[in-house]
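I wanted to look up how charged side chains pair in this model. These are my notes.

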Amino acid sequence: MVNTREHIINTALTLFLQKSFKEVTMSELVKQSGMSKGAFYHYFDSKEGLFREVVNTAAEISHINFDQIQQTTLKQFYENYLSLIKETKSESTFMRIIGNSPTNRIKFTTLLTEANRLFPEFTDVLLKLHENELNGWIKIVERAIEIGEIRTKMPAQHIAEIFVNISNGITKRSRLYNSQIEIASRTKVLWDSFYEELRT
């Protein structure tokens with residue numbers, strides 16, 4: 001069950017996607033939440049503070065805890081990685097609001113850009129998330145090389161970056177070209193192909 005704070009954050013995300021951070025007013029946010037002004041202001045007394053919470057929630061949901069993913073083999077790792085992302089997307093009200101709509105994905109990217117402009121420290125948060133993700137991939141790739149699962153002279157970091165950038169590239173292409181492609185499925189197809197090349 002969504003609590004009051006989450007309800008406000010989800011309401012704000014919906015409005016920010018419909019319009020933009022700049023165009024949405026506090027009055028609209030209060031009205032759309034269905035709460036009294038006093039109750040709403042108990043949680044958030046400014047649009048900026050609420051917007052910060054929206055983008056921080058996005059960052060938290062985007063964070064992948066690699067300890068949750070079984071890492072016996074590289075292939076098992078990336079398959080479980082995709083399953084975890086799908087599960088998070090289906091269970092999170094926040095992510096369901098964004099959904100598979102390419103338009104919403106573009107608008108959400110615009111919101112993150114606006115957050116970087118308003119809150120410079122948010123850029124550091126995103127960079128740290130990217131660094132943690134890349135380090136998680138490097139660790140599992142190094143293990144795959146060590147146990148002989150893959151045979152390559154390519155450095156583990158380069159392999160990790162390719163896996164990450166395949167996923168990022170498909171996601172960005174989907175946003176830019178208003179594509180309806182199923183991101184996880186397409187990512188797996190390309191990851192599988194790359195993985196097979198690494199095994200030969």
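I began with Glu121, which is partly exposed at 37% relative accessibility. The model is predicted, so I read every value here as computed from it.

I then looked up the partner of Glu121. Arg52 forms a salt bridge with Glu121, with the closest N and O atoms 2.3 Å apart. Arg52 sits in helix α4 and Glu121 in helix α8 (residues 120–146), so this pair ties together parts 69 residues apart in sequence. Arg52 is also partly exposed, at 34% relative accessibility.

Next I checked Arg5. Its side chain meets that of Glu53 in a salt bridge, at 3.7 Å from N to O. This pair links distant parts of the chain, with Arg5 in helix α1 (residues 4–18) and Glu53 in helix α4 (residues 47–62), 48 residues apart.

I moved on to Asp192, in helix α10 (residues 183–199). Lys188 forms a salt bridge with Asp192, the closest N and O atoms being 2.7 Å apart. Both residues lie in helix α10, 4 residues apart, or about one turn of the helix. Lys188 is partly exposed, at 28% relative accessibility.

Which residues does Asp192 touch, leaving out those up to four places away in sequence? I found Lys75 and Tyr78. The side chains of Asp192 and Tyr78 are joined by a polar contact of 2.5 Å. I also found Lys75, Glu79, Lys188 and Asp192 linked in a network of salt bridges.

For the record, I noted 9 salt bridges in the structure.

How values were computed: Residues numbered from 1 in each chain as written. Predicted model: local features only at pLDDT ≥ 70, side-chain atom pairs only at ≥ 80, totals over all residues. Heavy atoms only, no water. Helix = DSSP H or I, 4+ residues; strand = E, 2+ residues; numbered from the N terminus. Polar contact = N/O pair within 3.5 Å; in protein donor to acceptor, adjacent residues only side chain to side chain. Contact = heavy atoms within 4.5 Å. Salt bridge = Lys/Arg side-chain N within 4 Å of Asp/Glu carboxyl O. Buried < 20%, exposed > 50% of the residue type's maximum accessible area, 1.4 Å probe, protein only.
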